[in-house]
Every structure is written in structure tokens, then in C-alpha cells.
Amino acid sequence: MSTPTTGRTPATRKKRRLYAVLAGLTMLGIAAALVLTAFEDSIVFFYSPSDIAEKNLRPGQTVRLGGLVEADSVKKSADGVTTEFVITDMNKTIAVSYKGLLPDLFREGQGVVTQGTLGADGNFIASEVLAKHDENYMPKEVADALKKSGKWKEPEK
Amino acid sequence: MIAEIGHFALMLALVVALVQSALPLAGAARGNQAWMAIAAPSAMVQFLCTGTAFGCLLYSFAVSDFTVMNVAQNSNSLQPMIYKIASTWGNHEGSMVLWVLILALFGGMVALFGGNLPPTLKARALSVQAMIAFAFLLFILMTSNPFERLSPPPVDGRDLNPLLQDIGLALHPPMLYFGYVGFSMAFSFAIAALIEGKVDAAWARWVRPWTLLAWIFLTGGIVLGSWWAYYELGWGGWWYWDPVENASFMPWLVGTALLHSAIVVEKRDALKTWTILLAILTFSLSLIGTFLVRSGVLTSVHAFATDPERGVFILVLLVIAIGGSLALYAWRAPQLKGGGLFAPISREGSLILNNLLLTTAAATVFIGTLYPLLLDAMTGDKISVGPPFFNATFVPLMIPLIIALGFGPMLSWKRADLKGAVQRLKFALIVAMVVTAIAAYVTWGRSIFGAIGLGFSGWLAASVLIEFGSRIGIGRSNFGDVLRRATGLPRAAWGMMLAHFGFAILAAGATGASVWQDEAIQSIRAGDAISIAGYEFTLRNVDNVRGPNYVAQRGVFTVKQDGEIVATLAPERRRYLVQGTETTESAIFTNAYADLYAVLGEPDGEGRWIAKVYFKPLVPWIWLGGAVMVLGGFVSLSDRRLRVGAPTRRQAPTPANAPAPAE
């Protein structure tokens with residue numbers, strides 16, 4: 001594919017280096033701008049029910065809510081596919097509704113992380129219920145939140 | 001007994017690695033031929049030792065020897081043989097043994113096929129390779145002994161995590177590791193070159209095949225992992241921007257950049273220091289990936305057991321390896337001589353643009369992956385950075401990449417004629433516009449981004465074909481000439497065409513998957529139907545079935561389009577007996593342009609089942625595109641020119657500094 005050089009002299013070494021540095025800097029600038037704008041809009045904070053009670057969430061702000069699924073709180077609503085349950089950090093609770101398939105390891109009394117928005121009525125509308133990969137696994141965020149509220153019990157081995 | 005042999009072989013490998021990392025390096029510095037000559041045989045011995053260790057572990061798993069703790073914890077006598085074998089690497093200890101085995105395999109291959117390497121370069125590269133092996137062997141022996149005995153042995157094992165009992169995941173780790181670890185070769189060659197103070201076209205010629213081989217397997221491993229997540233997890237997505245996925249994707253991005261920049265070193269003797277840096281960064285990212293996945297910083301299916309001791313060990317290793325190599329780079333790189341000059345509009349220029357875009361993209365992925373960890377460590381704030389972040393940063397960087405990819409191969413080295421390239425690519429632009437228009441018409445009322453994304457894929461596919469067509473003279477010569485030229489074209493050219501075309505297919509698939517998917521979820525009885533996108537999914541019945549180590553409920557769906565049955569789908573809900581875990585097995589019907597996807601959810605106890613069905617246009621193209629990219633890699637690897645540098649067979653050894661043969 002290589003063709004002989006044309007009559008004009010190629011850019012000098014210095015110039016070439018300058019081009020490369022300029023191109024690199026431009027790219028970095030673009031990347032930084034992209035990253036910063038994206039961070040502003042798309043970072044999702046993790047909160048426990050107590051955190052949600054304290055913080056004022058923007059309407060429609062997507063957050064992650066984690067804690068334990070309260071015992072005897074899981075109900076199916078009339079459409080058969082929406083599940084309602086209560087997430088607790090043993091301090092505060094929050095009601096959650098989720099339309100969709102629950103992960104295989106979703107259980108009452110176990111840790112769960114959901115992602116969604118807070119409705120006007122103070123209930124949490126989850127768009128995602130995050131799967132856990134084994135039954136002993138406690139999401140790290142949930143464990144930390146429970147430690148914070150002083151209700152953490154070391155899992156028995 | 002077998003386990004003890006394996007354990008002993010690992011210790012032996014550690015000793016050999018120590019010798020191999022010290023003597024050849026010292027020999028190369030002092031010009032001691034005998035010391036340098038130790039490198040190749042010791043690399044072979046090291047491969048034999050780690051191979052023996054891995055074989056012993058594999059055997060223990062295959063015969064279900066539950067006196068070995070690792071087997072007892074991760075396997076079960078009821079598992080089919082293939083999963084007993086896959087259990088060998090389906091756990092932390094075993095996967096680390098596989099890691100060092102592949103490392104030793106690459107070292108062994110260089111020892112075996114590298115007869116034509118300059119002796120000092122070969123000795124130094126193998127020494128560096130042995131240092132990595134030493135560190136990881138030490139890690140295994142000190143924190144993760146796979147051969148630990150258990151007394152008294154249990155009656156049966158605890159089973160492999162059911163999610164991993166799947167053919168996709170049996171193959172995914174070895175392939176991914178082959179890629180990850182394969183980049184160690186480019187790293188070792190880069191460090192050796194820094195010590196030598198010399199990088200030339202021949203160096204690039206030796207490094208490229210190893211990089212390409214690693215790239216092929218990493219690509220295959222990532223695609224396989226994505227495919228697994230798609231059908232096994234039952235969430236219907238193919239890429240989640242999960243930190244664990246990103247951990248494998250970052251070395252891929254930088255490795256792809258390395259693959260391209262090494263071409264410039266080989267052909268034009270330019271971009272040397274940059275290429276060395278990329279080689280160091282690629283393997284560093286592989287190490288960071290190993291750290292992220294294995295240390296338990298991230299909780300995922302990959303974090304088999306979280307043990308802080310291991311995390312700290314890998315972290316220290318990481319700091320030494322990355323810090324040390326970058327320090328060496330800072331010290332030695334300025335002494336490397338710069339090479340050929342070129343204008344900004346040239347093949348070199350386009351490859352630099354490719355490199356800038358790929359590394360910038362890798363940087364955004366890096367930030368998105370590590371920022372949450374950093375923030376948690378520093379402030380305790382817990383955040384997650386999900387798909388919206390990556391869609392807003394990564395995707396915009398891919399668009400100029402795709403546009404530039406159309407031009408790049410058209411440009412000549414040194415100084416190119418952009419106008420001429422634009423002229424030749426007019427047709428590709430027309431194709432892009434037509435594709436966009438058709439896609440917009442067909443999907444009217446849906447997101448316009450889908451049509452635009454498909455247009456970009458059309459642009460890329462058309463420009464790749466135009467470039468290839470003009471090379472073989474389509475439209476200029478008669479059929480016989482074209483055929484003759486096509487067969488005479490270097491395999492590397494075929495490989496490039498295939499890999500780029502595969503990328504176009506994959507981009508189209510990714511667009512379709514993220515924009516045009518239809519889904520519905522309903523609670524239904526046997527006989528009820530769910531309709532989406534012109535398809536009618538009817539649940540016929542739900543049966544109880546029994547597998548080798550699980551019981552399952554299997555729902556049978558028939559799918560009708562225009563009143564005719566087009567597919568039968570049988571998703572399952574499985575309950576694995578040993579661990580008592582439940583998994584969802586989705587059922588997928590694939591035709592050339594779409595997937596029909598069904599998942600059976602939980603029963604309500606009154607004869608109704610939750611069912612989720614999807615219509616996923618273009619998704620099969622993601623795997624097809626990935627497969628074509630891998631194929632392109634293999635075709636390119638088979639190029640005669642590359643074999644001159646690396647795996648040589650029955651070929652007279654060329655003098656070490658033979659001039660690069662003309663293209």
C-alpha cells in the first residue's frame with residue numbers, strides 16, 4: 001500500500017510532535033468534558049432508608065436503596081407482576097414497588113439493593129432489583145448501612 | 001498423593017522462576033552466554049512444572065477427590081464430567097493456577113519458537129516473564145494453596161456455583177486468561193527493549209504476533225462472557241458496564257491500540273516510545289483487572305472468596321509491577337531514537353487518531369470503574385456508575401472512531417491524499433445515508449439514534465468493502481485478475497478486512513440491542529398468550545423435569561407470527577440440589593436478524609406464572625461480529641510475514657537483525 005512520498009517535505013519532527021501533543025490534549029479535553037457532564041447526570045448514590053429520610057431527593061432522581069427485605073412484607077399486586085415489599089435498615093423502613101422478575105435469590109429477611117426513584121407518596125418505585133449471586137452474600141453497601149444503624153450482626157458461619 | 005505432587009511441582013516452578021528471572025538478565029548485562037542460554041530451557045521446565053501442577057488439580061477434580069479441600073468446596077460427584085473439569089478453574093485457587101500455567105505457556109512458546117530472536121532480547125524478555133511468574137507462584141503458595149487437604153473428607157462436595165455450570169462459562173475463563181496473560185509477552189518484550197535501549201522494526205515484528213494472539217483470545221473471552229450473561233442471567237442484557245466487565249474491557253481497548261501502533265513501529269519505525277508505553281499499560285490493566293476481580297473489592301460472581309490478605313498481596317504486586325515498569329520507562333524511554341516522519345494526514349496519522357480515541361475511551365472506562373471505589377475509600381459515600389455514564393462518555397468516542405476507521409486504511413503512509421480518499425468513500429457515505437433512511441422508515445416513531453447508529457455501521461461496512469475491493473481491483477480488472485489478486489493478497493490484509501467488518505456487524509448489533517428491544521411481562525396461565533412486535537408467545541404447559549444435579553420447572557412456549565408457529569421455547573427455573581440455589585434458564589430462538597427470548601418467572605400458587613418475553617432485533621449480530629473479529633485475528637496471525645518473527649517452523653533461522661522484508 002505504501003506510496004512514494006510526494007514532492008513536498010513532510011512536517012519536521014518538532015512540528016509533528018506539536019501536532020501529536022495538540023491532538024492528545026484536545027482528546028483529553030473532550031474526554032474530561034464528557035466525563036464531567038456525565039458524572040453530574042448519571043452518578044447514582046446508594047442510600048439506606050434512614051439516609052432517604054434525611055436527604056431531600058430531587059424529584060425523579062435515580063438512587064439505589066438498599067437494606068433488608070422486611071419479613072412478611074412481600075406481596076403481589078393484582079396484575080400479578082408487580083411486587084410490593086418493605087426495605088428496612090432496622091431503623092427506618094420504606095415501601096417499594098417493583099414491576100418485573102425478581103432475582104432468583106430475592107428473599108424476605110435478606111439483603112437487597114434496588115434502583116429507582118422516590119414517588120410523590122414517599123414510596124420507592126424500583127426499576128431494577130439487583131441480583132445477588134449466592135445465598136450467603138450480603139451486598140457490601142447493605143452491610144455497611146446496617147453497621148451504621150448499629151443493627152449489624154456478623155453472619156454465622 | 002496426586003495433590004502432593006501438584007503442590008511440589010508448584011514449589012519447583014517457583015524455584016525455576018527465581019533462577020530464570022535472575023540469571024539470564026545478569027547474563028545479558030555481562031555478556032555471559034551460558035547464563036543467557038539458561039532462559040529458554042528453564043522456561044520450558046517452568047511450563048512443565050506448572051503444567052504438572054495444573055494436571056494434578058484437574059485430575060483431583062475429575063475423580064472427585066474430596067480429600068482435597070478445593071475439590072470438596074467447588075465440585076460434586078453428581079456434576080457432569082465437563083463441569084467437574086470446569087470446576088478446576090471455577091474457583092479462586094484453581095483459576096490462579098490456570099493463570100500461571102498460561103503465563104508459563106507463553107514463556108515456553110517464546111523459548112520454543114523464538115530461535116531467531118537476538119539472544120539478549122530473548123534472555124531479558126524471558127527473565128521479565130519469569131519475574132511475573134515468580135510473584136504469582138508466591139501468591140498461590142502463600143495465600144491460595146489449591147492442594148490443601150481436608151480431614152476428614154466429606155461424603156460429597158459442595159458443588160460448583162450453579163451459575164457457572166454452563167458451557168459458556170466453562171470456556172470463558174481459559175479464553176479470557178489466555179488474552180489477559182498473553183499481553184504479558186508484549187510487556188516482557190517492552191521491558192526487555194527498555195533495558196536494551198533499542199526498539200526497531202524487528203522488535204515490533206516479534207511483538208505483534210504475541211499481541212495479536214492475546215488480543216484474539218481476549219476478544220473471544222469477552223464475547224463469550226457477554227453471551228453467557230445474556231442467556232444465563234436471564235436479565236436480557238448483553239453488556240452491563242459492570243466493573244467486572246470493564247476490568248476485561250480496559251486491557252482490550254488499550255491492547256487494540258497497541259496492536260495498531262505496533263504496525264507503525266514495524267512499517268515506519270515511528271511511535272516507538274508510545275508503543276512501549278501501550279505495552280506496559282495493557283498488561284498493567286490486565287493486572288488491575290485481576291486485582292479488581294480477585295481481591296474481593298467488587299462483589300460479583302467472580303469474587304469466589306474474599307480474603308483481605310490476598311487483596312493486599314495482589315495490590316503490593318500491582319504497585320511493584322506497574323510502578324517499577326513505569327519508572328523504568330521514564331528513565332529509559334527518552335533514550336530511544338525517534339524514527340520516520342509523516343504528515344498528519346497519513347496512515348500513521350490515522351493510526352495515531354485510532355490510538356488516541358481508544359486510549360481515551362479506556363481512560364473514561366477506567367474513571368467510571370474506579371471512581372466509586374476511590375470515593376468510598378476516601379469519603380465513605382457509596383455511589384454506582386452505571387450505563388448512563390458510559391453511554392454519555394464511551395459512545396461519543398466510538399463515533400469518531402468509526403468515521404476515522406473508514407478513512408484510515410485508504411490513506412497511504414507518510415503523506416496521504418485526503419481528497420482522493422473522500423472521493424473513493426463517496427459510495428460509503430451514500431450507503432450510510434440509505435441505511436439510515438431505511439432504518440428510520442422501518443422503525444418510524446422510535447428513537448432516531450438507532451437509525452443513525454445503523455447508518456454508522458453501514459458506513460463502516462461499506463468503506464471496509466470498498467477499500468478491500470479496490471485492492472483486489474473490482475471494477476477495474478476482469479474476474480480472473482480479481483480472483484488472482486484476492487488470493488495473492490497477504491493474509492494480514494484479509495485479517496484486517498474481516499476484523500473491521502466484524503466490528504461493523506457488532507456495532508450494528510449493539511445499536512439494535514440498545515434501541516429497538518421490545519419486552520413484555522405478564523402473569524399468565526397455560527394457554528394464555530403475550531404479544532409483542534407481531535409475535536404471539538403462548539404458554540402451553542409447565543412440566544417438572546429432572547437434570548443430573550438439579551430439578552426444574554420447564555415452561556413450553558410456542559411462538560406464532562401471522563398465525564404460523566415459528567419457534568418453540570422452553571425456559572426453565574432450576575433448583576440445584578446441593579446448594580439449594582435457584583437459577584433461571586432463559587430460552588432463546590435466533591434467526592438471522594433477531595432473537596426471541598423467553599424467561600419463566602415464579603408461580604403464584606394458583607396456576608399462574610410470571611413470564612417475561614423479549615423481541616431483540618440485531619442482537620445475534622453482536623456475537624456474529626465478535627466471531628468475525630476473532631476470525632480476522634486468526635487469519636492475520638497466519639500471515640507468512642508474522643511467522644517470520646514468531647512461531648517459526650522448519651525455517652532457517654534468520655540473522656537477528658535481518659532487515660525487514662519489503663511489504
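This report covers the overall build, domains, cores, strand pairing and backbone exceptions of chain B, with a short note on chain A.

## Overall build

The model is predicted. Chain B has 21 helices and eleven strands. Its C-alpha trace spans about 80 × 75 × 55 Å along the principal axes. The radius of gyration of chain B is 26 Å, which agrees with the value near 26 Å for a compact globule of 663 residues. Of these 663 residues, 56% count as buried. Contacts reach well along the sequence of chain B: among those between residues at least 6 apart, 75% join residues at least 24 apart.

## Domains of chain B

Chain B is divided into four parts: domain 1 (1–165), domain 2 (188–413), domain 3 (425–516 + 623–630) and domain 4 (518–617). Domain 3 is given in two segments, 425–516 and 623–630.

The centres of domain 2 and domain 3 of chain B are 26 Å apart, taken over C-alpha atoms. Their contact takes 13 residues from domain 2 of chain B and 15 residues from domain 3 of chain B. On the domain 2 side, the elements that give two or more residues are helix H9 (201–232) and helix H14 (387–407) of chain B. By class, that side has ten nonpolar residues, three polar residues and no charged residues.

## Nonpolar cores

In soluble globular proteins, nonpolar side chains tend to be buried together. Here the largest nonpolar core has 224 residues. B:Val100 and B:Ala186 have the most contacts inside this core. H9(B) gives the core its largest share, 19 residues.

What does B:Ala186 touch, not counting residues up to four places away in sequence? Its partners are B:Val207, B:Trp210, B:Thr211, B:Leu258, B:Ala279, B:Thr282 and B:Phe283.

A second, separate core has 22 residues. It includes A:Ile87, A:Val113, A:Phe124 and A:Ala145.

## Strand pairing in chain B

| Pair | Sense | Bridges | Residues opposite each other |
|---|---|---|---|
| S3(B) and S4(B) | antiparallel | four | B:Ile532 and B:Tyr535 |
| S4(B) and S5(B) | antiparallel | eleven | B:Val545 and B:Ala552 |
| S5(B) and S6(B) | antiparallel | five | B:Gln561 and B:Glu564 |

Strand S4 covers residues 535–546 of chain B and strand S5 covers residues 550–561. A hairpin of three residues joins S4(B) to S5(B).

Strand S3 spans residues 529–532 of chain B and is joined to S4(B). The hairpin of S3(B) and S4(B) has two residues between the strands, and B:Ala533 there takes a positive phi near 45°. The hairpin of S5(B) and S6(B) also has two residues between the strands. In that hairpin B:Asp562 takes a positive phi near 50°.

In a regular strand the side chains alternate between the two faces of the sheet.

## Backbone exceptions in loops

The cis bond joins B:Ser151 and B:Pro152, with omega about 0°.

B:Leu271 is not a glycine, yet it has a positive phi of about 60°. This residue lies in the loop between helix H10 (243–268) and helix H11 (272–294) of chain B. Is B:Leu271 buried or exposed? B:Leu271 counts as buried because it has 27 C-beta neighbours inside 10 Å, and the cut-off is 20 or more.

B:Leu618 is likewise not a glycine, and its positive phi is about 70°. B:Leu618 sits in the loop between strand S11 (609–617) and helix H20 (619–637) of chain B. With 25 C-beta neighbours inside 10 Å, B:Leu618 therefore counts as buried.

Note on methods
Residues are numbered from 1 along each chain as its sequence is written. Chains are lettered from A and ligands numbered from 1 in the order in which they are written. Two strands pair if DSSP finds at least two bridges between them. Domain bounds come from an automatic or database domain assignment. Two residues are in contact if their C-beta atoms, placed from the backbone, lie within 7 Å. Ala, Val, Leu, Ile, Met, Phe, Trp, Tyr, Cys and Pro count as nonpolar, Asp, Glu, Lys and Arg as charged, and the others, Gly among them, as polar. A nonpolar core is a set of buried Ala, Val, Leu, Ile, Met, Phe, Trp, Tyr and Cys residues joined through C-beta atoms within 7 Å. A residue is buried if 20 or more other C-beta atoms lie within 10 Å of its own, exposed if 12 or fewer, and partly exposed in between; C-beta atoms are placed from the backbone. The radius of gyration is taken over C-alpha atoms; the globule rule is 2.2 Å times the number of residues to the power 0.38.
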